[in-house]
Amino acid sequence: MSVHRGSEDPPVKPELESEFQQLEIAASVEDADFKRREARVVAKLDLYICPILIALQLISFLDRGNIGFAATQGMITDLNLVGNQLNTAVSLFYPLYILSEFPAALIVKRVGFNKVIPAAAACWGLCCLGNGFAKNFGDLAACRLLMGMFEGFLMPSLTLMLANWYKREEIGLRISYLFIAAAISSAFSGLIAFGILFMDGKAGYPGWRWLYIIEGAVTVVVAGLCYFIIPSSYTTAYFLNEDDRAVMRKRAELTEAYSGGKGHYTRAEFMMTIKDVKTWLHTVIQIMCLTVLYGFSVFLPIILRFGFNFSVEQSQYLSIPVFLWGSIVYATCGYLSDRFSRRFLACIICAPLGMVGYSILLGGANLSVGVKYFACFLIATCVWTMGGANIAWLSTNTAPDGKRAASLGLAFSVGNLGGIISGQIYPQTMAPGYTLGHAWSLGAVCISFCLWWVLRHIYYSRESLKDSIREGTTPEPVEFSDRVPAYRYQH
């Protein structure tokens, strides 16, 4: 005996349908409630975590960059620096800085952010303070070398700490705060250096020694405060209540695969990184960008003093508006780039102004000082924007997360070779023209500009290849990466 089954499903009972609707409404309300609670927690993180990290980034760039202002205030004469010894001292900051970044990334989560960051800050603060008591080139070189080693712990620790507290889609904006802090630190350096000029001769010390002593002492004090302010984890954070910790626990579960367990990248993802040509192009560009950035930010006071023949006081306070303008341009370009997802334009739009600025300085033997000072503003328009925009373009066009972490680590570490180069291209023997430094920097900007066009071609070519994959004419990659059709590059 056969049983006939109708082609249509039996109608859902009204009471079951009502239960389904109630469950959907409850889930929606719960999700909305969690988002509201999460927004409150993120606001607390921005209030209690971000200012600490921004302050540390600010003082780290103040401490490493104050050598340029010290040089204009008599350090060269007092320490009997001859030949390229000043340039060597500038470059010596970076070898151990580069080498310490990788081990810092390995140990900071194991030892604890609340221990590594304050300890590193205290150590480089003591080295900065020690510069104020240097008697000769050897003392200065030793302090710079050790200061670089300890400061190398900071940037990896700050970025990993942000990844530990924020979700992936929240990190980008917070990391941009660190770059903006680095940009405005140069303006603060000029302001502080100008103020400390009035301490020249106090207690028998020249002003440049007080510059190191005061900034180093402030760093040590801030490091001591950070030991008590930086929480070991969200479970012990003094500014979170139990409900906030529950929200953080859920957020941690959502991001655990990214920030915990196996670390930031696997061997397979590292191999994907080094085999991708765009990683190396962005890294080469980053070397160029940081050469220009470090060269300009450290040596501008020296250029104003010995190149433009301004007085010591003028070389201090005239650097402030230049650096401030550069930080404003960088913040504006960074915001617009994120707002409209236009990375290529952010990279190239300011570079031509930098080219014009360096060209004016190279051919400005018969130009007025006012025109050459204006050229410094043109240069400042591009120097901070170039490096930040290049890193942002690499980050947004790299996947998965492990490959992105490896790519950024490579670009940051190798890119800091620009710091070593920048210390050698502005020797005092080439004052007042500083032809080598300006020409090298102009070439670096031009190389970056050209390579960005090459990268743009690569990204568009890969998008065309993805179209072929969608049409079925080209096989799809087996592993997920930024090469799969579902991943769209930002141009």
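Phe323 is buried (under 20% relative accessible area, with exposed over 50% and partly exposed in between; 1.4 Å probe, protein chains only), because its relative accessibility is 0%. The model is predicted, so local features need pLDDT of at least 70 and side-chain atom pairs pLDDT 80 or more, whereas totals for chains, interfaces and linings use all residues. Residues are numbered from 1 along each chain as its sequence is written, and side-chain values use heavy atoms, without hydrogens and water.

Aromatic pairs were searched across the whole structure, and 28 were found. Rings of Phe, Tyr and Trp (its six-membered ring) pair if their centres lie within 6.5 Å; planes under 30 degrees apart are stacked, over 60 edge-to-face, and the rest tilted. Phe310 and Tyr373 form an edge-to-face pair, at 6.5 Å centre to centre and 75 degrees between the planes. Phe310 lies in the loop between helices H12 (277-307) and H13 (312-317) and Tyr373 in helix H17 (residues 369-396), so the pair ties together parts 63 residues apart in sequence. Helices are DSSP runs (H or I, at least four residues), numbered from the N terminus. Phe310 is buried, at 15% relative accessible area. Tyr373 is also buried, at 15%.

Phe323 and Trp384 form another edge-to-face pair, at 5.8 Å and 85 degrees. Phe323 sits in helix H14 (residues 319-340) and Trp384 in helix H17, 61 residues apart. Trp384 is buried, at 7% relative accessibility.

One aromatic cluster is formed by Phe344, Trp393, Phe449, Trp453, Tyr459, Tyr487 and Tyr489.

Notes:
Helices (H or I, at least four residues) and strands (E, at least two) are DSSP runs, numbered from the N terminus.
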